[in-house]
Amino acid sequence: MFSSLKEKVGQVLVPGDEFGFEAEDSISLTESAKPERVVCGPGLRRSGDRLVVSKSGVLRHKPPHCFWIESQQRRYIPAKGETVIGIVTAKSGDVFKVDVGSSEQASLSYLAFEGATKRNRPNVQVGDLVFAQFIIANKDMEPELVCIDGSGRANGMGVFGAGGLLFKVSLGLVRRLLAPHSDIRADLDRLFPCELVVGLNGRVWVRSSSTQQTLIVANLLQSCDTMTAAQRQQLFRKVQQGAL
């Protein structure tokens, strides 16, 4: 399976494509070599002794054995541990209701902020943007967010968004922006230094030195969704030269 998967890296796969175990993936009782285990990411799932593709996209690989499908999906499904940008839509007792772009709104307790107590409540209003993390996310329970890490620190999370612009991109572009050495972020920093907050739910918030630059950055990022690296660099050069 491992060798057949590596041959397909960079190619477009569709739902229903399958990969079966090969002789080299089986466990030998006479040889000491261990079988290579494949880690399935988004878009791939195991079904018995087969690996099945569950959504269309390009197969990606991260050494040593992690594979996933990169697609232009826009619908977000909450997952535990992911950080997202949410919009506060209502106050319900001690809980805030937050829109995260999924099929169901998430809940956020007023105690889930750094330094919050029953007497010292955070100043959160309807319409505010929050950068938060899921601690509960499954199909049988209401999603729950917090704005603190495991040690009780905000660590960059909380209410934000004054003077910036919020827009939506595909989940594939979000992962490219959050990559450790993102080419898009590097090109953008050379063009217009700006503040950037990226949520794994496909929402991006940006603020630059002027309203015009903020709008340009937002339009550039939305254009990157369907561009190759060469097309993106050509567009950035035109903007830098003032041709656009």
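**Ring contacts**

Visitor: Phe134 first. Buried or exposed?
Guide: Phe134 is buried in this predicted model, with a relative accessibility of 1%.

Visitor: How many aromatic pairs turn up in the whole structure?
Guide: The search finds 2 aromatic pairs. In one of them, the rings of Tyr76 and Phe134 have centres 6.4 Å apart and planes at 25 degrees. That angle is under 30 degrees, so the pair counts as stacked.

Visitor: Where do Tyr76 and Phe134 sit in the chain?
Guide: Tyr76 is in the loop between strand S7 (66-70) and strand S8 (83-92), while Phe134 is in strand S11 (residues 129-138). They are 58 residues apart, so the pair links distant parts of the chain. Tyr76 is buried, at 3% relative accessible area.

Visitor: And Phe160 with Trp205, why is that pair edge-to-face?
Guide: Because the ring planes of Phe160 and Trp205 are at 90 degrees, with the centres 5.4 Å apart. Phe160 belongs to strand S13 (residues 158-160) and Trp205 to strand S16 (residues 203-207), so the pair ties together parts 45 residues apart in sequence. Trp205 is buried, with 4% relative accessibility.

Visitor: Charges now. What sits over the ring of Tyr110?
Guide: The charged end of Arg121, 4.0 Å from the ring centre of Tyr110.

Visitor: Changing topic: which feature does UniProt place at residues 164-212?
Guide: An unreviewed UniProt entry places "domain: K Homology" there.

Visitor: What is the helix and strand content over residues 164-212?
Guide: That stretch is 37% helix and 27% strand. Its end C-alpha atoms are 11 Å apart.

How values were computed. Residues are numbered from 1 along each chain as its sequence is written. This is a predicted model: local features need pLDDT of at least 70, side-chain atom pairs count only at pLDDT 80 or more; totals for chains, interfaces and linings use all residues. Side-chain values use heavy atoms; hydrogens and water are left out. Rings of Phe, Tyr and Trp (its six-membered ring) pair if their centres lie within 6.5 Å; planes under 30 degrees apart count as stacked, over 60 as edge-to-face and the rest as tilted. Helices (H or I, at least four residues) and strands (E, at least two) are DSSP runs, numbered from the N terminus. Buried means under 20% relative accessible area, exposed over 50%, partly exposed in between (1.4 Å probe, protein chains only). A charge sits over a ring if NZ of Lys or CZ of Arg is within 6 Å of the ring centre and within 35 degrees of the ring normal. UniProt positions are given in the numbering used here, feature names are shortened, and annotations may be inferred rather than shown by experiment.
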